[in-house]
Amino acid sequence: MGTFKKMIFGLFLVMTAVLEAQDKPTDFLPADFHKERRQKVREMMPANSVAILFANPVRNRANDVDYVYHQDPDFYYLSGYHEPHAILLVFSEKQYTDDNQEYDEMLFVQERNPKAEQWTGKRLGIEGAKANLGFTTVFNGKDFLSSDIDFKSFDKVLFFNFKNDVRDSRDEADLFSLISSFKEKVNYPSDFDANKQHLYQMITSTEVENSANVAQVLGRYLRRDEDLQQDELLTGFVNAENEQSRLEIKNQVALKMKGNNLDSSSLTEIMAKLRETKTEEEMVLLKKAIEISAVGQIEVMKAMHPNMSETEIQGVHEFVYKKYNAEYEGYPSIVGGGHNGCILHYIENNKPKVGNDLVLMDLGAEYHGYTADVTRTIPANGKFSKEQKLIYEIVYEAQEAGIKASVVGAPFQAPGQAASKVVTAGLMKLGIIKKEEDSRIYFPHGTSHYLGLDVHDRGTYGAFQPNTVITVEPGIYIPEGSDCDKKWWGIAVRIEDDILITENGPVNLSAMAPRTVAEIEKTMAQPSPLDDFKLPELD
């Protein structure tokens, strides 16, 4: 190619990149964020180890229609790559090619394919991954199939346990083929049991003087899993009478694991520690997702009336999300009118009219991968009845107590314990329960989980750390037929907010959405832009 042609071609590439950039949001996490996260993982990995992560599978909806693709959060967190059929490798130390070029990570991506891209959109390919994601060692997925990576040379191969939900397509380098190739390269045992391997690792990594405590933990695992109960080493460790017996079993477990460098638990622990606390870049996106969700609650409060269906209410929320360019909902939207609110994860949302019932609305926008989780419960007619108000105010006071308990250093259970005391006292005072332990009948769940790339985000569930985001979501649910006065039947209330834990105390990131009875009723009295939005009647 001549010099002039090269200049024109180079200008064409620059203009193409500029035009493409103008067609996409500019506030995604930068490549440097993902690179820094990979380095954090590298620092936490065992010596002479490699971590391998696979993109999420493409999941089929029906016939030749797939669900909208969503990347695995861990894969996205470490790469920024949105496409399927990909592999990321992170090495604990520098590796070297035959010509002495060094690298400490590899990305295998979908190969560029003009015909496929005409139907499903442009792929980054090797050059796009280098230019946009900041990787230097990038290959097409099919190159992994023929690669000579010697996984046996590593002391540990870290990976997430595989799920049985990957389809085998006609593509040469689809996820099914990539996983199959990996399993062949590492001599993956046909009877590999990730749960058992995790418990074996707990045994081998425990000092003898702490073995009694580990035996108690293992006992809880075994009580929940009959398959684990059949393992003689695990049951022997749990039932051992003294430290010497547990030491002997520990040595047997170590011998059994010798020669197997597969580790399906350490990567989970590493990612939990990293993702539990949020960086400044992450908080920008997470706060936006939360504020979008809070605006959705406000607009629905203004638009609500007794003739609305649960489906329509859901649609108003999600319309607000799209107006702010939130790509997805963070989880299936929950809109439960009346007794439907007593179903904790009610997602049918098909009640034709909500009438004068309370409407429990648990929804969250996902913005650039980060998801909110905000719940409000409001009266469809704009005014709480006496009984509705009494139950609501117990839940509100319980949430206030839970938020107050969400401080640095407190145990993860602190918000739930604080909220539970308030709910129990409130139900006793109203005569709905006669024994304190019966509170769990009407408040059957915890109050908190981590929030971030997943609605139930990864975390250690240890003492609260600064820059952690959790939910605080107490509730009271009184189904039809409950053992209490009928006037309470069908009342369901949950209030949920997203709380940032800081050195200066908890910060309610979703406080924009009204929470008190007075604030909710005042907001519901305001006009809505949707009041005049009328559609024609259909047969």
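Trainee: How far is the sulfur of Cys484 from the closest cysteine sulfur?

Mentor: A disulfide is a pair of cysteine sulfur atoms within 2.5 Å. Here the sulfur of Cys484 lies 10 Å from the closest one, in Cys342, so the gap is too far for a bond. This is a predicted model, where local features need pLDDT of at least 70, side-chain atom pairs count only at pLDDT 80 or more, and totals for chains, interfaces and linings use all residues. Side-chain values use heavy atoms, leaving out hydrogens and water, and residues are numbered from 1 along each chain as its sequence is written.

Trainee: Is Cys342 buried or exposed?

Mentor: Buried means under 20% relative accessible area, exposed over 50%, partly exposed in between (1.4 Å probe, protein chains only). Cys342 has 15% relative accessibility, so it counts as buried. Cys484 is at 14%, so it also counts as buried.

Trainee: Why is strand E1 largely enclosed by the rest of the structure?

Mentor: Strands (E, at least two residues) are DSSP runs, numbered from the N terminus. E1 covers residues 49–54, and six of its six residues are buried, so the rest of the structure largely encloses it. Ser49, Ala51 and Leu53 point one way; Val50, Ile52 and Phe54 point the other.

Trainee: Which strands pair with E1?

Mentor: Two strands pair if DSSP finds at least two bridges between them. E7 (residues 156–158) pairs with E1 in the parallel sense over three bridges. There, Ala51 stands opposite Leu158. E4 (residues 87–96) pairs with E1 in the antiparallel sense over five bridges. Phe54 stands opposite Ile87 in E4.

Definitions and conventions: Helix = DSSP H or I, 4+ residues; strand = E, 2+ residues; numbered from the N terminus.
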